[in-house]
Amino acid sequence: MGEINDLRFTAPPSDLERWEWFFKEMEKRGLITIFESSQHYANRGDSKLKRQYFKVKLNAQNSD
């Protein structure tokens, strides 16, 4: 099986919420395991984008 991956998303807060929902849906289906999900962090300056970090493991096997 896969290794744990550190992922960083930079996006508007509403998109980060959708990514988190999407990851939770993939976890429900057994495709990934979520080990950690951070809060939203502000970017530098006056950026409207936020950052969020995830630690996930891919459970899905290639079908090739």
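Reader: What covers the buried residues of α1?
Author: The cover includes β1 (4–11), β2 (32–37) and β4 (50–58). Helices (H or I, at least four residues) and strands (E, at least two) are DSSP runs here, numbered from the N terminus. Before we go on, this is a predicted model, where local features need pLDDT of at least 70 and side-chain atom pairs count only at pLDDT 80 or more, while totals for chains, interfaces and linings use all residues. Residues are numbered from 1 along each chain as its sequence is written, and side-chain values use heavy atoms, with hydrogens and water left out.

Reader: Thanks! Which residues of α1 are buried?
Author: They are Leu 16, Phe 23, Glu 25 and Met 26. Buried means under 20% relative accessible area, exposed means over 50%, and partly exposed is in between (1.4 Å probe, protein chains only).

Reader: Is Lys 28 buried or exposed?
Author: Lys 28 is exposed, with a relative accessible area of 66%. From Lys 28 to Lys 57 the C-alpha to C-alpha distance is 13 Å, and the two are 29 residues apart in sequence.

Reader: How many salt bridges are there in the whole structure?
Author: A search finds 5. One of them pairs Asp 6 with Lys 55, whose closest N and O atoms are 3.0 Å apart. That pair links distant parts of the chain, since Asp 6 sits in strand β1 and Lys 55 in strand β4, 49 residues apart.

Reader: How open are those two, Asp 6 and Lys 55?
Author: Asp 6 counts as exposed because its relative accessibility is 58%. Lys 55 is at 30%, so it is partly exposed.

Reader: Which residue does Arg 18 form a salt bridge with?
Author: Arg 18 pairs with Asp 15, and their closest N and O atoms are 2.1 Å apart. Both are in helix α1, 3 residues apart, which means about one helical turn separates them. Arg 18 is exposed at 52% relative accessible area, and Asp 15 is partly exposed at 26%.

Reader: Does the helix geometry hold up, or what should α1 span?
Author: At 1.5 Å a residue, the 16 residues of helix α1 (residues 13–28) should span 22 Å, and the end C-alpha atoms are 23 Å apart, which agrees. The expected span is 1.5 Å times one less than the number of residues. Just after α1, Gly 30 takes a positive phi of about 80°.

Reader: Switching topic: where is His 40 found?
Author: His 40 is in the loop between β2 and β3. At 28% relative accessible area, His 40 is partly exposed. Leaving aside neighbours within four places in sequence, His 40 is in contact (heavy atoms within 4.5 Å) with Pro 13, Leu 16, Glu 17, Lys 50, Arg 51 and Gln 52.

Reader: And what does Asn 43 touch?
Author: Not counting residues up to four places away in sequence, Asn 43 touches Thr 10, Leu 49, Lys 50 and Arg 51. Asn 43 lies in the loop between β3 (41–42) and β4.

Reader: Last one, the overall picture. In what order do the elements run?
Author: From the N terminus on, they run β-α-β-β-β, with 1 helix and 4 strands in the protein. Of the 64 residues, 20% count as buried. The C-alpha trace spans about 45 × 20 × 20 Å along its principal axes. Among contacts between residues at least 6 apart in sequence, 59% join residues at least 24 apart.

Key: Salt bridge = Lys/Arg side-chain N within 4 Å of Asp/Glu carboxyl O.
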